[in-house]
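The following note sets out points for a colleague who is examining this model. It turns to the backbone and then to the ligand site.

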Amino acid sequence: MWTLGIESTAHTLSFGLIDPDGKPFPSSTSTIRPEKGGIHPREAADHHKAAAADLLKAALSSQSLNANDIGAIAYSQGPGLGPCLRVGASIARGLAAKFDVPMIGVNHCVAHIEIGRQQCGCDDPVLLYVSGGNTQVIARLEGKYRVLGETLDIGIGNMLDKFARAQGIPFPGGPVIEKLAAKWQDENPDANMNGLELPYAVRGMDLAFSGVLTAALRLVENGKPLEAVCWSLQEHVFSACVEVAERALAHTGKTELLLGGGVACNNRLRTMCELMCEERQAKSYAPPRMYCIDNGTMIGLLGWLELQSGRVTEFDNSAIDQYLRTDQTPIIWA
Ligand code: ATP
Ligand code: FE2
């Protein structure tokens, strides 16, 4: 029997499928792209409701399956935006009841880790989890994924999206910033930071991004070219993340680094991680981009893993938890 994974934590509704042996298949996904402003939780939830039926059909037909082939329903139980999480959980309850199959509520952050381990074939990595809402450096220790360092204010992706939005670039801003920064680097092979300095907010193992956002906005207001500021912004904030990741490798003695979350799509960040790892005889891994951004497949995979270990979520325990933390979920499957 197949496992269906449902992702709905924020801007994206996505259904993904895992075959009976635990093999993942690409998701069917729809992302809300507001014409102006950020993601409004209520509007995102409405988007998810409207998109759900067609997306589910598309996911099933992508593998020529019908309802009878589904043996379990996995869904994101948290963390995320309440109204969005509730849509996913409601779909999960409805399908589990209709198909008479178990459901498994999973931790969205842990799902980003497990799809990366599965795709990259790494064993016991330090994880650099960089997404819209989250920025964490994580390592497995005594049965849990422990957060060794994290952002003290906003997530790195939200910071990039906010900077982009102020320049009239719609959500998601990260990929556009990447292109503008690469253009600046291509056209200015000797580019340097003169006049483009930004705060570098590493505090021990923790990070912060709201100060750098304000300073970058000010550079643009003061007439610096947008491409140049995008380049400087990426160099500063990615260096900060890589520095904390390197310290985590040093402290834990681990030799693998794994990237996860939407910002891990970024080529510059991937290169910086590879360079850092080469210098310390470690190896850097990054999953395919479709499994870095939010996707139903990663939720299905973690559900499948937990189900193999005998965990299911009873109806009474299926409520969402907006504030679920990475280190609250016991690793029962590895
Ligand atoms: P989480 O709930 O795990 O915090 P999320 O809801 O933010 O996840 P993701 O799909 O993991 O969703 O990440 C989306 C973020 O990734 C957005 O902020 C987007 O700008 C950023 N992003 C996507 N591609 C790139 C890229 N190439 N460079 C930089 N940032 C990127
Ligand atoms: Fe995510």
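1. Glu142 is placed in the loop that links strand 7 (135–141) to strand 8 (144–150). In this predicted model, the phi angle of Glu142 is positive, near 45 degrees, although the residue is not a glycine.

2. One joins Gly78 to Pro79, with omega near -5 degrees; Pro79 belongs to the loop between strand 4 (70–78) and helix 2 (82–99). The other runs from Phe171 to Pro172, with omega near -5 degrees, and Pro172 is found in the loop between helix 4 and helix 5.

3. The ligand is surrounded by 26 residues, the closest being Tyr129, Ser131, Gly132, Asp161 and Glu178. By class, the shell comprises nine nonpolar, 14 polar and three charged residues.

4. A side-chain N or O atom of Glu178 is 2.8 Å from a nitrogen atom of the ligand, while one in the side chain of His11 is 3.0 Å from a ligand oxygen atom. From the backbone, an N or O atom of Gly262 lies 3.0 Å from an oxygen atom of ligand 1. Of the 650 Å² that ligand 1 exposes when taken alone, the protein buries 93%.

Methods. Residues are numbered from 1 along each chain as its sequence is written. Chains are lettered from A and ligands numbered from 1 in the order in which they are written. This is a predicted model: local features need pLDDT of at least 70, side-chain atom pairs count only at pLDDT 80 or more; totals for chains, interfaces and linings use all residues. Side-chain values use heavy atoms; hydrogens and water are left out. A residue is near a molecule or strand if one of its heavy atoms lies within 4 Å of it. A polar contact is a pair of N or O atoms within 3.5 Å; within protein, one must be able to donate a hydrogen and the other to accept it, and residues adjacent in sequence count only if both atoms are side-chain atoms. Accessible areas come from the Shrake-Rupley method with a 1.4 Å probe; for residues, only the protein chains shown count as cover. Ala, Val, Leu, Ile, Met, Phe, Trp, Tyr, Cys and Pro count as nonpolar, Asp, Glu, Lys and Arg as charged, and the others, Gly among them, as polar. Helices (H or I, at least four residues) and strands (E, at least two) are DSSP runs, numbered from the N terminus.
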